[in-house]
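Keep the viewer open, try each task, and then follow the worked solution.

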Amino acid sequence: MEEASAQQVHVYAPPGGFLQKYVFSLDHKVIGKQYYALGLLAVCMGMALSWLMRFHLVWPTTRIPGLELLSKAGAPGGVITPEYYLSLLTMHGTLMVFFVLTNAPFAAFGNYFLPIQIGAEDMAFPRFNMVSFWTTLVAFLVLILAFVIPDGPPISGWTSYAPLSAVGKDAGPGMGWGMNLWGISIAIFCVGSLLGALNFIATTLDLRAKGMTLMRMPICTWAWFITSCIALLAFAVLLPACILLILDRTAGTSFYIPSGLVVSDRLQPHSGGSPLLWQHLFWFFGHPEVYIAILPSMGIVSHILINSMRKPLLSARVIIYSMMSIGFLSWMVWGHHMFVSGMNPFSSLLFSFPTLTITIPATIMTLIWLGSLYGANIRISAASLFALGFISMFVSGGVSGFFLAQPSIDIVLHATYFVVGHFHMVMGVASIFGVFAGTYFWFGKMTGRMMNETLGQLHFWLTFIGTYCIFMPFHYLGLVGNVRRYSAFVNDFTGPLMPLHKFITIAALGTGAAQLIFIFNLIYSRYRGVPAPENPWNGTTLEWSIPSPPPWNNFGGKHPVIYHDPYQYNVKGSKGDYIMQDSPEPSAG
Amino acid sequence: MSSTIYQPVRAPSTLRGSTASTARVAKVLSGSGGASRSGIWVGIFAITMSFAAFTSALFVRQGSAADWTHITLPSLLYANTLALLLSSATLQMARRAIAAVPTMESRTARRGLGWLLATLALGFVFVAGQYEAWRQLAAQGLYLATNPNSSFYYVLTAMHGLHVLAGIAALIFVMSRLAARPAALRRSTFEATATYWHFMGVLWLYLLLVLRTKL
């Protein structure tokens, strides 16, 4: 690396003023925190929207004071209309999938820790990195703008199925400019994510410190790397899909709108388009997106579990290969979202096989985690609890995937709460648990102060029990036939299910309130927490070899040299039961 | 390309760890020459994926209804193609000229400038030609929304054109550096720009094939 740095100089001076330091920063650590803050803001909004939805589902006529201020047409007198329920649904899904599940585990932690864990001083392209974040922020603002325009947010769901998403105002409230903003926002988001993914890949390939072979990278670095490869391809497909959607909406083209389509008693002036085309393009992005959300959390959780168990996993290599195979298979399964879309049934069968095949690497990973935990003397902390909680959520939510992967069963369950329960647990909550685990684990490194453990563990138990109370009953509702996307259930066969719905709503409000403990802990610990030492968890990887918080150039101008695999635990080292990656002392093995 | 935040440093000696304690030490991104190379290839991969999505949309759309027609491509497109291919050749000449100089600080590095200017001019010729081809189609009454064929024609050429404009911006950046401060231009930046520019030609040949056979 010395030779390379002497040859090719790519440097920038220390940040000067406030703007350079905290706002338009080129420092990957600041950018990581910015992504984290954006994710936090988006998750608070997304959660508030889900409260409104849950509230409306069980008390559809009850007034929510002040809600009319959010939308006069959508909530006249503070009562949510069925259409506005769909607006909330759309915005909840879009915020959560794009701005939380993609941003927090991948862009935020990846930005902060990937360069440090490979021994680099920054990302390969710091300016691109800054542009990535600011582009993502613009995408966020454009999306949020839909709340304030008179048209309101779109009602198409986060998947925005054509042709209703493509025809314009006739499709309902919010489907005029609200939907335009959605399309523009997601297109901008794609650009930001593509730049980010490109940066991650180039950084991992080229900026590794001396001795940091690919197989010596920590598991979470691998996870971010694999995720960026997936993101690069996925967002490269969603961007054209959004461009064609915007053209159908604004330029009169007919990519997605078929002939003779009558919406709101009006014959649409389009012809010959294919609504299924949108679904193919969207889910070609959409399924890999699930792994963009979950893989980083798998990496973070593996990283934390190893540290808490004080011993390596049964096989870190197999975990990495499993993540690679998940990434590879994710390109062949998009059709399993379309079993009820009118696709040829033979295609359904073809998509079913690789979908079931994905369960193999996922099961292997789970068995490795559980097998490694067997007999381990795990150090209980908020971070390790959330890591264990991740495995629990991933298994509980993943098991229902075996059923949904089969077209014959999916056709029955597809439009029900069963699917809602499945994806919320396996990709939503599981991924968020990974983010919580990462936050409790790395907060000290990122801010210089440790988070409060007692509050952290309390937060874990309330969240863990709460999320099970919310999402497990969804499966039962679905099996009984409770359809999803309906804004209210009155006087039909779902009547006897209302007590369960009420239970879920109360659990959701309670679990949401428990997150205030987390927010309080974040703010309190930031200013009043115990000062963090360099290596509070006796970790082995490079982030623990530098001060907390790290200096702006990470390693203080030094170039670390790597001597070991990332997880030298359960060995006799000079500092205890571990040997750091950059320590020249010989490992026991 | 702001120069206030991003300051290239000439002397490699300041990069070593010994000066780490001083606040003035610059942040070093070692090995970034390789990073530009992988960066540009990763970018090319993503762009390829995007155009694969556009063209598969074209195939699906063609099969989805009976309204697929035929449009005759303006013959100007072939002249544009020639301009773009020529620009790749002139860029190769510039590459050769610059590869021959031992360091970028040497004034002889500017020998490539003339060839780059030719490349840039041909790039502009291509873009202007593509615009003129649009006007010719519009004169025939073929607009973006006239039929699916014209829709795809405009979308594919516009998307390619946008990418070419990005290449033109990169060329202008490289040339201004070469003219004003050749030492501040990294070879890897130049190489990445050249790779991207050649890829624009390859991509256009592919698109021309698609347009010619499908529209």
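A residue counts as buried if 20 or more other C-beta atoms lie within 10 Å of its own, as exposed if 12 or fewer do, and as partly exposed in between, with C-beta atoms placed from the backbone. This is a predicted model, in which local features need pLDDT of at least 70 and side-chain atom pairs count only at pLDDT 80 or more, while totals for chains, interfaces and linings use all residues. Residues are numbered from 1 along each chain as its sequence is written, and chains are lettered from A and ligands numbered from 1 in the order in which they are written.

**Exercise 1. Describe chain B: how many helices and strands does it have, and what percentage of its residues count as buried?**

Step 1. Helices (H or I, at least four residues) and strands (E, at least two) are DSSP runs, numbered from the N terminus. Chain B has 5 helices and 1 strand.

Step 2. Along the sequence, the elements of chain B come in the pattern β-α-α-α-α-α.

Step 3. Chain B has 215 residues, and 38% of them count as buried.

Step 4. Two residues are in contact if their C-beta atoms, placed from the backbone, lie within 7 Å. Among the contacts in chain B with a separation of 6 or more, 80% come from residues 24 or more positions apart.

**Exercise 2. Work out how helix α4 of chain A packs against helix α8 of chain A.**

Step 1. Two packed helices are described by the angle between their axes and the distance between the axes. Axes are lines fitted to C-alpha atoms, for helices over the stretch in contact, and angles run from 0 to 180 degrees between N-to-C directions.

Step 2. For α4 (residues 82-117) and α8 (residues 219-250) of chain A, the angle is about 125° and the axes are 10 Å apart.

Step 3. Angles under 35 degrees count as roughly parallel, over 145 as roughly antiparallel, 65 to 115 as roughly perpendicular and the rest as oblique. α4(A) and α8(A) are therefore oblique to each other.

Step 4. Now find the contact: α4(A) brings Phe106(A), Gly110(A), Phe113(A), Leu114(A) and Gln117(A), and α8(A) brings Cys220(A), Thr221(A), Trp224(A) and Thr227(A).

Step 5. Ala, Val, Leu, Ile, Met, Phe, Trp, Tyr, Cys and Pro count as nonpolar, Asp, Glu, Lys and Arg as charged, and the others, Gly among them, as polar. By these classes, the contact of α4(A) with α8(A) has 5 nonpolar, 4 polar and no charged residues.

**Exercise 3. Which orientations does α15(A) take relative to α12(A) and to α14(A)?**

Step 1. Helix α12 (residues 382-404) and helix α15 (residues 453-480) of chain A pack at about 5°, with axes 9 Å apart. This makes α12(A) roughly parallel to α15(A).

Step 2. The residues where α12(A) meets α15(A) include Phe386(A) and Gly389(A) on one side and Phe460(A) and Phe464(A) on the other. This contact divides into 5 nonpolar, 6 polar and 1 charged.

Step 3. Helix α14 (residues 417-447) of chain A crosses α15(A) at roughly 165°, and their axes come within 8 Å. That makes α14(A) roughly antiparallel to α15(A).

Step 4. Among the residues in this contact are Val420(A) and Met425(A) of α14(A), and Phe471(A) and Leu477(A) of α15(A). The classes here are 11 nonpolar, 6 polar and no charged.

**Exercise 4. Locate the cis peptide bonds at Pro163(A) and Pro549(A), and the positive phi values at Asp265(A) and Arg485(A).**

Step 1. Most residues other than glycine have a negative phi, and most peptide bonds are trans.

Step 2. The bond from Ala162(A) to Pro163(A) is cis, with omega near 5°, and Pro163(A) sits in the loop between α5 (126-148) and α6 (164-167) of chain A.

Step 3. Ser548(A) and Pro549(A) are also joined by a cis bond, with omega about -10°. Pro549(A) lies in the loop between α16 (498-528) and β4 (568-569) of chain A.

Step 4. Asp265(A) has a positive phi near 60° and is in the loop between β2 (262-263) and β3 (266-267) of chain A. Asp265(A) counts as exposed because it has 6 C-beta neighbours inside 10 Å.

Step 5. Arg485(A) has a phi near 75° and is in the loop between α15 and α16 of chain A. With 12 other C-beta atoms within 10 Å, Arg485(A) is exposed.
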